[in-house]
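Thanks for coming. I have one structure to go through today, so please look at the sequence and the model as I talk.

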Amino acid sequence: MDQVDRILAQWRAERPDLDVADMGTIGRLKRLQAQLGKGMDRVFEAHGLNAASFDVLATLRRAGPPYALSPSDLVAWTMVTSGTMTNRIDRLEKAGLVRRDRNPEDGRGFVVALTEAGFALIDAAVSAHVDNQHRMMAPLTPEERRTLDRLLAKWLAGFEPPEG
């Protein structure tokens, strides 16, 4: 019996008229998200990053050569406001991890590009991040992982429009 089970037992005793089963699922997801966040933050911090800086650097890295995107593309991929993105870019630029280059397709604008230091850092950080994700998923068998992923994708599709 975990903490969520104890909470559900209290609700069932106090409000037997309510079906609180979904409260258990959502409560466990919330608690799990907090644990996963802590686990990921430890890896990011070990590389001198936080979740926000990791997100920007990883987005640039997975974009492929030349590892550069416009600020509006970064905003779209990371789902933050342009003001938030500007602050993130400023901090990463000050740290020498990204640089602003003139946009080769439109000389009026610019793109954000990984520096050599940024590329090396995100490559090391993403390798550690993937290893950490494997450790965090270890309690589940490969089949359970596939089933969970399929079910979460189905559930998420009820909230997000399909892409394509």
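Some housekeeping first. This is a predicted model, in which local features need pLDDT of at least 70 and side-chain atom pairs count only at pLDDT 80 or more, while totals for chains, interfaces and linings use all residues. Residues are numbered from 1 along each chain as its sequence is written, and side-chain values use heavy atoms, with hydrogens and water left out.

When I say helix or strand, I mean a DSSP run, H or I of at least four residues for helices and E of at least two for strands, numbered from the N terminus. Two strands count as paired if DSSP finds at least two bridges between them.

Start with the sheet. It is open, with three strands in the order E1-E3-E2 and antiparallel pairing. Strand E1, residues 68-69, and strand E2, residues 98-103, are the edges, each pairing on one side only. What joins E1 to strand E3, residues 106-114? Two bridges, in the antiparallel sense. In one, Ala68 stands opposite Ala113 of E3; Leu69 has Val112 in E3 as its bridge partner.

Helix H5, residues 82-94, lies across E2 and E3 and runs at about 115 degrees to E2. That angle is taken between N-to-C directions on a scale from 0 to 180 degrees, using axes fitted to C-alpha atoms, for helices over the stretch in contact. Contact here means heavy atoms within 4.5 Å.

Now the backbone. As a reminder, most residues other than glycine have a negative phi, and most peptide bonds are trans. The peptide bond from Pro65 to Pro66 is cis, with omega near 5 degrees. Pro66 sits in the loop between helix H3, residues 51-62, and E1. Tyr67 is in the loop between H3 and E1 too, and its phi is positive, near 60 degrees.

Met79 also has a positive phi, near 60 degrees. Its place is the loop between helix H4, residues 71-78, and H5. Of these two, which is buried and which is exposed? I call a residue buried under 20% relative accessible area, exposed over 50%, and partly exposed in between, with a 1.4 Å probe and protein chains only. Tyr67 counts as buried, at 19% relative accessibility. Met79 counts as exposed, at 72%.

Next, salt bridges. How many does the structure hold? There are nine, each being a side-chain nitrogen of Lys or Arg within 4 Å of a carboxyl oxygen of Asp or Glu.

Go back to Arg100. Its salt bridge is with Asp90, and the closest N and O atoms are 2.7 Å apart. Because Arg100 lies in strand E2 and Asp90 in helix H5, the pair ties together parts that are 10 residues apart in sequence. Arg100 is partly exposed at 28%, and Asp90 is partly exposed at 35%.

Another pair is Arg99 with Asp101, where the closest N and O atoms are 3.0 Å apart. Arg99 is partly exposed at 38%, as is Asp101 at 26%.

In helix H7, Arg146 and Glu143 are three residues apart, so about one helical turn separates them. They form a salt bridge with closest N and O atoms 3.0 Å apart. Arg146 is exposed at 51%, and Glu143 is partly exposed at 47%. Asp2, Asp5 and Arg28 are linked in a network of salt bridges.

Last, the surface. A nonpolar patch of about 740 Å² is made by Ile26, Leu29, Leu32, Leu148, Leu152, Trp155, Leu156 and Phe159. Patches are built from residues with over 30% relative accessible area and no salt bridge; nonpolar side chains (Val, Leu, Ile, Met, Phe, Trp, Tyr) are joined within 5 Å, like charges within 9 Å. Areas come from the Shrake-Rupley method with a 1.4 Å probe, and for residues only the protein chains shown count as cover.

Which elements give two or more residues to this patch? Helix H2, residues 21-46, and helix H7, residues 142-157. H7 gives the largest share, four residues. Trp155 lies in H7 and counts as partly exposed, at 38% relative accessibility.
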